[in-house]
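Keep the view open as you read.

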Amino acid sequence: MALLLGALGVFVVSGVTALCLSRSPRWATLVGSGGAVVGSALGLVIALMALFTGGAESLRLDWSVSYGSFFIEIDALSAFFLIPIFGLCGLAALYGGGYMGVYSGRRALGTPWFFFHLLVASMALLVLARNGVLFLICWEVMALASFFLVSFEDDREEVRQAGWTYLVATHLGTAFLLVFFLLAGREAGSLDFDKFRPGSSVTANVLFLLAVIGFGTKAGFWPLHVWLPEAHPAAPSHVSAVMSGAMIKTGIYGLVRALTVVGAPPLWWGWLLIALGGISGVLGVLFALAQHDLKRLLAYHSVENIGIIALGLGVGVVGVSAGAPTVAVLGFAGGVLHVLNHALFKGLLFLGAGSVLHSTGTCEIEHLGGVLKKMPWTGVTFLVGAVAICGLPPLNGFVSEFFIYLGAFAGMVSLGGGEAFPFVGVIGALALIGGLAAACFAKAFGIVFLGEPRTEAAHQAHEGSLAIKIPLAALALSCLLVALLAPFILSVMVPILSQLTSLSPMTVSDSVRAGPLWFIVLAGLGVFALIALGALGRRWVLSRKSVTKAVTWDCGYAQPTARMQYTASSFVQPITELVAPVLQTRKHIVFPQGLFPKAALLETETPDVARERIFRPIFGAVRRGLSRWRWLQHGQLQLYVLYIALTLLVLLLWKLG
Amino acid sequence: MDALSFVYWVISLVLAPLLLGVINKTKAFWAGRLGPPLLQPAYDLIKLLRKGAVYSKTTTFVFRAGPVVSLAAIVMALTLVPLGGRAGLLSFQGDLVLFAYLLGLMRFFTVIAALDTGSSFEGMGASREVQFAALAEPALFVGFAVLAQETTSLSLSQILSVISIETWGQSGPALALVAVALFILFLAENARIPVDDPNTHLELTMIHEVMVLDHGGPDLAFILYGAALKLWALGAIVTHIMLPVRTGIFWADGMIFSAGMIGLAIVTGVVESVMARLRLTHVPQLLLGAGVMAVAALVLVWR
């Protein structure tokens, strides 16, 4: 525990040092990046040790804040969430060391490093905190630090707008959490988590709903996700990776932790989570398909993956309340493991997108193309991430999705009848999400990295420094390792699953062992072996044959150009047309005119439908309602002093009367 | 995992191209032609394997990896499929998910290999492929869900070993609906009429064929062989549902299975002879129809 606090100390110290060294971009970056890497490595080792030894360790110090105490504890659940936080943040910091060089001279680099360190430290302390006040303070520091990181390039209008959206969204979520803790604390008489006791079923239901909204805003459940597609593209890429890979997972952590304290779940909690997960997953991937900014596309995929996690948790909750241990274990195992998996491949994809942005200056998919030849590291690792995020075997995404499928199938078979319908929903939703995600990443990888460069910017693509390449390779490798070591990882997760399902560790490990994990690993290895065999066979049949190069078949057309390639929009057009009523894409078309047409134009934009149809009207109504009271504000100091005096007078009269 | 399953797996790897031969013969017979020899698909593969290769300057390793990864995925998927009334080489709870996702892996690499050429034709084919796949996937999974619910098992081999004449007697309508849904998916996944036309060489009307337009020589052989294996694997599932007769005798089961597969190939050939390809805009309706049938079957099973 002392070592863990030491690791957090490294973050605070090196963060403040980087801030002080702001004048020298080189030193600020060196201290900022180096300190974060050291701190993360230390933290990661401690988290892994805590996970393997399995014992919970806690520390409680008195605090002069009312109802507050510095109460932290590292148990299996906390340790598990620390792994993506420290692992991803360490690699992102290394990457940032190479990435932030672009801004040197233009901007002070000490400040973003300071906030980066603050963000990592607050996330780590958040998952350790066992007191409501401490938790909320970490939550707020995390929100503010990430707000300043999002609005790093604050000279751009859209970045300021994104930062503002994020700030509003995160605080609305926090408001619900405040009520959550007040209510839970009122029942228990203390804000320490270990004092929380399951209350009446009404209180439990209210607490659960508050947690879903409050934590769901951070995690990005539809329709609370509106800040995600704004904030992630605006932030520097290594920050996007941390936010998407680690920070939104604190929302999932909060929800999971809440499930352990609010008491035995009724069936409808699971159904609600399944419904939210299905909607988030399907709409997330549909909106991702319609995007043509690579980072925005990835941000929508975060919504999709949070949806998949929610589906897993939902299956788990239904399993618990229906008294089906295997279903519960499989659902929670899939959901919680997907947290780690998503951190790995989404972190990888955001860093890869950052490398492309770094060297070409654009994330506009339609302007890129042929990047793979110029950036082989980025391209190959992005391909690994794409295969993993589509949930395709033999990588890690498949393992967690497989568990959720298995849980849903098992639940359906054991319940049967109308009760089983939500499980069929899970199966259908996962299948649809899988198919659409494959379409989306075929587009993202295919249009950006394959084919010919579409613009001059794409010709400029070049590989970054070693600091940029190493994190990409490390994350790609861990996507593979998690898949191959899955049985081992699952056995480490047994205490977590036993805590979530209130089953004995023995029962849990029996359910896990009964699972067909080894077959999955065997099949994964089989695929690799067959690929190797096929590659050797292909080389053998091609040896001593003529292998020549030519142009892509062009129908005999004499002068093909790169602009004649299929574009990202045309690639997904059949799907986007099919779901046009949902997407509500805005089109601006200028048709070619006359016999010798010159210019034609097609612009499409797909704004978020939840933002346009739900939040814009609500916030508009609030503003209209409040503007009636605008006459109270004149900007004259005397009047304000009068208001204060009047208020005091009224209070005095009330007190006397 | 037993020796006889392995024997069936190997026999399937060898015989798979013949199924295409049967389909082609059927179509020829229907059209009053003699048609190519039954072994023509195998001859084609041998011919292609003996050729050299021409690669586009635009392409990268992805283009070369596409056929290899696709073939590896489908060979692996075939180990999960019960063949000749026997359990698959590998069978475990949930192998149906792995089966569907291995087909997904195969498709993903075919699609990105197509996009690697930078050709509009291939982009168009890839675009259609991913659209139809996204619609076919839920239908396939709900179809599997019906089978799982009916047989209370999550493994393809177990499911198909439980389905028998008696099961058909008890819940015939549900099984019939699922069988039809899976047959539609079998046609769609294998790029057959009414979804795709394997005969035409007009790029604009094709899906699968247009994606592999730039592949030649051994690469094309890998792709064609992979396609034949996919036809075999999905065909075996449909056959096992439609013809749930098992004697327990190795050669008898083998004969029944072969007869079923040949029957399926003939039906496919007949469908191709009597139908035209659907308009592309109508294909989603067909796939959604398959999905609706699967859901209806599920309701019937629950009732």
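In chain A, α12(A) and α15(A) are roughly antiparallel to each other, because their angle falls in the class over 145 degrees. That angle is about 160°, and the axes sit 8 Å apart. Here axes are lines fitted to C-alpha atoms, for helices over the stretch in contact, and angles run from 0 to 180 degrees between N-to-C directions. α12(A) passes α15(A) in a left-handed crossing, meaning the near helix is turned anticlockwise from the far one by less than a right angle.

Before going on, some ground rules: this is a predicted model, where local features need pLDDT of at least 70, side-chain atom pairs count only at pLDDT 80 or more, and totals for chains, interfaces and linings use all residues. Residues are numbered from 1 along each chain as its sequence is written, while chains are lettered from A and ligands numbered from 1 in the order in which they are written. Helices (H or I, at least four residues) and strands (E, at least two) are DSSP runs, numbered from the N terminus.

Among the residues that α12(A) brings to α15(A) are L330(A), H338(A) and F345(A), and the α15(A) side includes E401(A), F403(A) and S414(A). Two residues are in contact if their C-beta atoms, placed from the backbone, lie within 7 Å.

How do the two contact surfaces split by class? The table has the numbers; Ala, Val, Leu, Ile, Met, Phe, Trp, Tyr, Cys and Pro count as nonpolar, Asp, Glu, Lys and Arg as charged, and the others, Gly among them, as polar.

| Contact | Nonpolar | Polar | Charged |
|---|---|---|---|
| α12(A) with α15(A) | 11 residues | 12 residues | 1 residue |

On to the chain contact: 61 residues of chain B touch 63 residues of chain A. α5(B) gives the most to chain B's side, with 17 residues.

A442(A) reaches across too, with F108(B), L115(B) and V130(B) among its contacts. A442(A) is also one of the residues with the most contacts inside the largest nonpolar core, which has 354 residues. Such a core is a set of buried Ala, Val, Leu, Ile, Met, Phe, Trp, Tyr and Cys residues joined through C-beta atoms within 7 Å. Helix α16 (residues 421-449) of chain A gives the most to this core, 21 residues.

Last stop: H301(A), in helix α11 (residues 294-322) of chain A. Is H301(A) buried or exposed? H301(A) counts as buried because 30 C-beta neighbours lie inside 10 Å; the cut-offs are 20 or more for buried, 12 or fewer for exposed, and partly exposed in between. Beyond four places in sequence, H301(A) contacts G284(A), V285(A), A288(A) and I389(A).

Methods
Parallel < 35°, antiparallel > 145°, perpendicular 65-115°, else oblique.
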